[in-house]
Amino acid sequence: MRMGYGKTQIIGEVKWQGYVWYYLPNHPLSNNTGWVKRSKVVMEGIIGRYLTPEEIVDHKNLVKDDDRPENLRLFPNRAEHDRFHTTERCPGFKEGNIPHNVKKGGR
Ligand SMILES: [Zn+2]
């Protein structure tokens, strides 16, 4: 997997695909180059355990690098996440709008 972080290189913290990533090669959810989304690490701090691979950390305001605890919410899996965004429970939901997760590759 290519990281492409040359522009904003800080040792141990990069911005990539809109997300902020930490270099944590020993983290159970780090990718094959050793990086974990900061949103996951922040959520783990809130719940006091590691996330499972199925769990989804979502940004309430859809700003992918806004990892403040109050901007994050946790879903047990992708199906629950997708269901949330296709109902009025989602604050940004409007009839006829395409939820942010429907777009291919988005979430
Ligand atoms: Zn979402």
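How many bridges join β1 to strand β2? Four bridges do so, and the two strands run antiparallel. The model is predicted. The protein has two helices and five strands, and from the N terminus on its elements follow the order β-β-β-α-β-β-α.

**Sheet**
- An open sheet is formed by three strands, ordered β1-β2-β3, with antiparallel pairing.
- Its edge strands are β1 (13-16) and β3 (35-37), each of which pairs on one side only.
- From one strand to the next, the twist averages 35 degrees.
- Strand β2 covers residues 19-23, and its Trp21 stands opposite Val14.
- In general, strands of a sheet pair through backbone hydrogen bonds, either parallel or antiparallel.

**Burial and contacts**
- The protein has 107 residues, of which 10% count as buried.
- Among contacts in the protein with a separation of 6 or more, 25% come from residues 24 or more positions apart.

**Residues with positive phi**
- Most residues other than glycine have a negative phi.
- Gln17 is not a glycine, yet its phi is positive, at about 55 degrees.
- Gln17 sits in the loop between β1 and β2, and it counts as exposed because it has 10 C-beta neighbours inside 10 Å, where the cut-off for exposed is 12 or fewer.
- Leu62, also a residue other than glycine, has a positive phi near 70 degrees.
- The loop between β4 (56-59) and β5 (72-75) holds Leu62, which has 11 C-beta neighbours inside 10 Å and therefore counts as exposed.

Key: Residues are numbered from 1 along each chain as its sequence is written. This is a predicted model: local features need pLDDT of at least 70, side-chain atom pairs count only at pLDDT 80 or more; totals for chains, interfaces and linings use all residues. Two strands pair if DSSP finds at least two bridges between them. Axes are lines fitted to C-alpha atoms, for helices over the stretch in contact, and angles run from 0 to 180 degrees between N-to-C directions. A residue is buried if 20 or more other C-beta atoms lie within 10 Å of its own, exposed if 12 or fewer, and partly exposed in between; C-beta atoms are placed from the backbone. Two residues are in contact if their C-beta atoms, placed from the backbone, lie within 7 Å.
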